[in-house]
Amino acid sequence: MSPVSLHSFPRALLHIDCDAFFTSVEQALNPELKGRPVVVGKERGIVACASYEAKAWGVRRPMALHEAKKICPTLVCMPSDYETYSLVSKRLYSILRTFTPDVEEYSIDEAFAELSGLRRVYHASYEEIALKIKQTVEEELGLTVSVGLSLSKSLAKICSKQKKPAGFTAVRGFEIDAFLKDMPTERVCGFGPNTVALLAKHGVRTVLEYIQRPEAFARKLLGKIGSELWHELKGDAVYPLLTAPKEGQATLSKTKTFTPSSDDKDFVRAQLLRNMESAFIKLRRHSLRVKGIGVYLTAHDFSTRGLYADLTRPTASTMDATAFVTALFERVFEAKTRYRRTSLVLADLEADREAQPDLFEDACRIRATREISKAVDQANALYGKHAVHLAATDCLRRFGQHLGDRGDVAQRKLAALKGENFRQRIRIPVWNLRLKD
Ligand SMILES: [Mg+2]
């Protein structure tokens, strides 16, 4: 019996793991992919992630795509979009942080969260809190997760793997031995194939057999890690939660190359501001805000100049960013230079919470720009991306070169007559928004 068996949860640690993360994100963002066998990794020609529908056909990672297509002829192959995956990941962490401040960003689709001491806060059992977290994440991200709850990180991680997809497994102190009775040692994170073979040689095949040996056995055979895992697997947590957010991971960038290159200042600025509009639409779609913005211009000879600066206040508002981006542009742009590309990078992303404005800031204006962004997003959802846009990017309508994010052109856009853009064709009025200060 474990020494902690009298208590059900002396500590409560949660491990959350998204199911088939990359393909689930694609399916959440493109509902027409739901229920279909999907893989991502097209750009490398291999399966980087397979949806459960694809797995049912026998498609596995890292199979070559042509092989995967042979066994599943209806397979949908998508290029990986790591920027979007990391934004969804950022959102996952921020949802968890609304429940508890102690969250470890373990990997792009996995996290640990400390629930100890929260029963009184939520007037609920640890199992109920864990299920509430699971439900909230699934609703907000539109994908399923598997959740494990136990007394240590190592145990919680085994739990989340127990029932996939969309599973929930909680193992309390007195249930540990029964849970680990038939658990093969390879299920332990930290026991690689060599360790598993070595343990088998010493007659240890299940995790229970491992923790029933004296600690000295674990230490002698596997050193410090062996002893740490021995404690962890008995429900005696040794590994702390590493709660510092992983810095500099999530960035969002939008780039636009145009031919022919141009030295027309209004045109180049408009291209950059259109990058900004697109980037901020995506930022808000993922409920994030930004603290630093970079502006980069690539000249005809491929030389690139840029400037990066921190904002005095994080924002998700296109209006807020416009003056800032324009100021950066003014410093980077050189007259009589032909430019072929503009890029905008949003860095230092964080969850967009309603923040207490600084004493010296205009709270009304902050609220107003927020409301405007919301209204613009709603109008664009109805009438098409960029239907409502900044007056400064209006000149781009003459060029009709703004394609979808991945360069795919919708049929309705191709159907336009010469000199006519698709919005004119479907008779949507063009609204220009000017914000008075
Ligand atoms: Mg996963």
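Predicted model: local features only at pLDDT ≥ 70, side-chain atom pairs only at ≥ 80, totals over all residues.
Over which residues does pLDDT stay under 50, and how many contacts beyond four places in sequence does the model have for them? The stretch is residues 1–6, and the count is eleven. Taken as a whole, the protein has a mean pLDDT of 86, with 86% of its residues at 70 or more.

As for the overall build, the chain folds into 16 helices and 14 strands. Of the 437 residues, 49% are buried. Among contacts with a separation of 6 or more, 65% are between residues 24 or more positions apart.

The magnesium ion comes next. Its protein donors are D17 and D109, each through OD, and C18 through O, at 2.1 to 2.4 Å from the ion. Along the sequence these donor residues follow the spacing D-C-x90-D. Both D17 and C18 are buried.

Searching the whole structure gives one cavity of 30 Å³ or more. The largest cavity holds about 110 Å³ of space. Its lining is made up of 14 residues, and the ones nearest the centre are E277, T318, V376, V388 and H389. Sorted by class, the lining has six nonpolar, five polar and three charged residues. Helices α12 (265–285), α13 (318–332) and α14 (363–383), along with strand β13 (388–390), each put in at least two lining residues. The largest share is that of α14, with four.

V147 sits in strand β7 (residues 145–150). With a relative accessibility of 1%, V147 falls under the 20% cut-off and therefore counts as buried. Setting aside neighbours within four places in sequence, V147 has contacts that include L14, H15 and I16, as well as A130, K134 and C159. G167, F168 and T169 are also among the contacts of V147. A170 is 23 residues from V147 in sequence, and their C-alpha atoms are 8.4 Å apart. Leaving out residues up to four places away in sequence, R119 touches A124, S125, Y126 and I129. From R119 to I129 is ten residues in sequence and 7.9 Å in space, C-alpha to C-alpha.

Most peptide bonds are trans, and most residues other than glycine have a negative phi. The bond from K164 to P165 is cis, with omega near -5°, and P165 lies in the loop between α7 (153–162) and β8 (168–170). The bond from T259 to P260 is cis too, also with omega near -5°, but P260 is placed in strand β9 (residues 252–262). On the phi side, K336 has a positive value near 65°, in the loop between α13 and β12 (339–351). H386 likewise has a positive phi, of about 70°, in the loop between α14 and β13. K336 is exposed, at 80% relative accessible area, whereas H386 is buried, at 7%.

Methods. Residues numbered from 1 in each chain as written. Heavy atoms only, no water. Donors = N, O, S within 2.8 Å, 3.2 Å for Na, K, Ca; no water. Buried < 20%, exposed > 50% of the residue type's maximum accessible area, 1.4 Å probe, protein only. pLDDT = per-residue confidence, 0-100. Contact = heavy atoms within 4.5 Å. 1 Å grid on protein atoms, 1.4 Å probe; cavity = no way out; pocket = protein on both sides within 12 Å on 5 of 7 lines; lining within 4 Å. Points joined across faces, edges and corners; volume = space filled by probe spheres on them. Nonpolar A, V, L, I, M, F, W, Y, C, P; charged D, E, K, R; others polar.
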